[in-house]
Amino acid sequence: MKRYLVLILVLSTFNTYLFSAEAGMPQLDPKYWASQAFWLILLFTILYISIAKFYLPKIKKNLDDRENKIKEDLDEANNMKSLSEKKLEEYNIILENSKKEVTRILLESKNTLNKDIQNKKDSMEKEIEKEILNAQKEILQLKKSSIESINNISQDIASNIIEKMSGDKLNESSIKAVVEDISKKNIGKYL
Amino acid sequence: MASNPMQQFSVHKIGPEIKIAGIDLSFTNASLFMVVSVASILLFLFLGTKERKIIPDKIQLIAELVYNFVAKMISDTAGSKAKPYFPFIFSLFMFVLLCNMVGMLPYAFTVTSHIIVTLIMALFIFIAVTIIGFIKHGFKYLSIFIPSGVPVVLLPLITVIEIISYLSRPVSLSVRLFANMMAGHTMLKVFGGFVISLGMLGGWLPLSFSVALTGLEILVAFLQAYVFAILTCIYLNDALNLHH
């Protein structure tokens with residue numbers, strides 16, 4: 001019984017607390033409900049319209065712009081990269097080609113130089129040979145003529161000696177024959 | 001008692017009485033703080049979109065972060081079909097968030113601590129979602145009351161439960177926000193009263209509680225705005241994508 005009384009007391013105070021606006025919850029006082037509803041709807045409509053019509057499109061456009069810009073920049077960077085790679089490749093090819101050219105030129109000049117040297121050497125050798133040949137010929141001729149002149153001299157000497165010793169003059173042709181005979185016998189010694 | 005914790009929720013008229021067709025539509029302190037919240041949102045968005053730079057400054061960055069936050073919330077819960085309702089969800093989130101946050105300022109009035117305000121928003125969402133559902137799916141929309149994979153024996157019971165839960169959506173949505181706001185602010189006020197009544201000697205304990213509660217209430221203010229917006233998204237998802 002006592003418990004029931006307490007419960008009723010609590011409930012009744014709660015009731016008055018809840019539904020009497022003066023002491024309890026001002027939220028449940030319907031006096032300004034219409035006013036709050038009116039202002040809420042009015043202000044929220046203003047907010048919604050300005051957000052939907054002005055601000056969100058602006059933010060969205062800006063975000064899209066930024067995304068596009070980033071994408072464009074990235075594309076450009078990629079393009080640049082491929083371009084530079086291409087240039088590098090071209091440069092490498094040029095380098096390779098010029099290296100080949102250099103070796104080719106080097107080889108060519110070496111070859112021509114060698115050939116030149118060989119040619120000069122050949123012609124030089126030929127000339128030397130010719131000179132040697134000439135000199136030999138000359139020597140031979142000189143020898144021949146020297147033998148003749150020796151023969152003549154020895155003839156003269158022999159006839160002079162014989163004349164002085166015997167006082168006679170021998171016939172020249174017999175002296176010549178003797179000298180020639182002796183020189184023929186002994187010429188091997190001097191040649 | 002001057003420090004009646006419910007005093008802070010009382011509405012009073014500011015300026016002249018406005019009566020249209022016998023209905024009192026006077027400008028009140030509640031209306032004033034609604035104006036403050038809406039004006040803050042519009043000012044923030046104005047500053048956030050004034051200079052559209054490629055590299056944003058701080059306020060522009062915040063505006064873009066909020067935009068992305070709400071956009072992600074919608075696309076995660078309601079999918080791409082909910083895109084046309086993005087401005088509404090965004091406005092709703094910002095409005096509830098700013099009303100809650102403005103209410104945290106000393107001497108400020110918390111607009112969302114009034115059941116009539118939250119109920120109107122919740123009822124609007126409920127009715128709009130129901131209309132969208134019927135427009136998109138016709139009478140097939142009623143199939144959300146019949147979950148798939150339920151034994152036939154249980155079907156009448158489940159359907160009744162589903163209908164009740166569907167109809168209680170506006171109530172739960174509005175009461176959740178209103179009750180959270182009211183309870184938090186009442187508690188802050190009660191602890192504030194304790195600080196005064198216990199004086200210099202004993203007032204430190206409730207003061208530290210009060211400080212901690214203020215932090216908690218700021219969290220709750222954000223969280224309730226988020227919950228309000230995300231539940232709207234979920235209801236919208238039910239109406240747009242009929243899964244059952």
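Modeller: pLDDT is the predictor's confidence in each residue, running from 0 to 100. It applies here, since this is a predicted model.

Biologist: What is the mean pLDDT of chain B?

Modeller: The mean for chain B is 87. Of its residues, 98% reach 70 or more. For the complex, the predictor gives an ipTM of 0.88 and a pTM of 0.72.

Biologist: Next, the folds. How many helices and strands are there in chain B?

Modeller: Chain B has seven helices and two strands. Read along the sequence, the pattern is β-β-α-α-α-α-α-α-α. The C-alpha trace spans about 65 × 55 × 45 Å along its principal axes.

Biologist: And which pattern does chain A follow?

Modeller: Chain A reads α-α-α. That is three helices and zero strands.

Biologist: How do I read burial? What share of the residues in chain B is buried?

Modeller: Count neighbours. A residue is buried if 20 or more other C-beta atoms lie within 10 Å of its own, and exposed if 12 or fewer do. In chain B, 32% of the 244 residues are buried. In chain A, buried residues make up 8% of 191.

Biologist: What about contacts by sequence separation in chain B?

Modeller: Take the contacts in chain B with a separation of 6 or more. Residues 24 or more positions apart account for 65% of them.

Biologist: Now helix length. How far does α2(A) reach from its first C-alpha to its last?

Modeller: Compare the span with 1.5 Å a residue. α2(A) has 134 residues and reaches 191 Å, close to the expected 200 Å.

Biologist: Where is the kink in α2(A) centred?

Modeller: On A:I51, with a kink of about 45°. A:I51 is also among the buried residues of this helix.

Biologist: How many residues of α2(A) are buried?

Modeller: The helix is hardly covered: 12 of its 134 residues are buried. They include A:W33, A:W39, A:F44, A:Y55 and A:N62. The buried residues pack against β2 (23–24), α1, α2, α3 and α4 of chain B.

Biologist: Is A:I132 buried or exposed?

Modeller: A:I132 belongs to α2 of chain A. A:I132 has 10 other C-beta atoms within 10 Å, so it is exposed. A:I132 and A:A37 are 95 residues apart in sequence, and their C-alpha atoms are 138 Å apart in space.

Biologist: What follows α2(A)?

Modeller: A:G167, whose phi is positive, near 80°. In chain B, α4(B) is followed by B:G138, again with a positive phi, near 65°.

Biologist: Stay with α4(B). Which span should its 23 residues have, and what are the end C-alpha atoms separated by?

Modeller: At 1.5 Å a residue, the 23 residues should span 33 Å. The end C-alpha atoms are 32 Å apart, which agrees.

Biologist: Which residues of α4(B) are buried, and what covers them?

Modeller: Among them are B:I115, B:V117, B:L119, B:I125, B:F126 and B:V129. The cover includes α2 of chain A together with α6 and α7 of chain B.

Biologist: How do I read the interface? How many residues of chain A are in contact with chain B?

Modeller: Count both sides. 29 residues of chain A are in contact with 34 residues of chain B. On the chain A side, 20 are nonpolar, six polar and three charged.

Biologist: Which residues have the most contacts inside the largest nonpolar core?

Modeller: They are B:I89, B:F90, B:L92, B:F93, B:F95, B:V96 and B:L236, in a core of 62 residues. Elements that each supply at least two residues include α2 (33–166) of chain A and α1 (29–50), α4 (115–137) and α7 of chain B. α3(B) gives the most, with 12 residues.

Biologist: Leaving aside neighbours within four places in sequence, which residues is B:L236 in contact with?

Modeller: B:A78, B:A82, B:Y85 and B:V129. B:V129 is one of the buried residues of α4(B).

Biologist: One last residue. Where is the place of B:I230?

Modeller: B:I230 sits in helix α7 (residues 204–240) of chain B. B:I230 has 18 C-beta neighbours inside 10 Å, so it counts as partly exposed. Beyond four places in sequence, B:I230 is in contact with B:M73 and B:T77. B:I74 is 156 residues away along the chain, yet the C-alpha atoms of B:I230 and B:I74 are separated by 7.6 Å.

Technical notes:
Residues numbered from 1 in each chain as written. Chains lettered and ligands numbered in written order. Predicted model: local features only at pLDDT ≥ 70, side-chain atom pairs only at ≥ 80, totals over all residues. Contact = placed C-beta atoms within 7 Å. Nonpolar A, V, L, I, M, F, W, Y, C, P; charged D, E, K, R; others polar. Helix = DSSP H or I, 4+ residues; strand = E, 2+ residues; numbered from the N terminus. Core = buried A, V, L, I, M, F, W, Y, C linked by C-beta atoms within 7 Å. Expected span 1.5 Å × (residues − 1). Bend = angle between axes of the 7 residues up to and from the residue.
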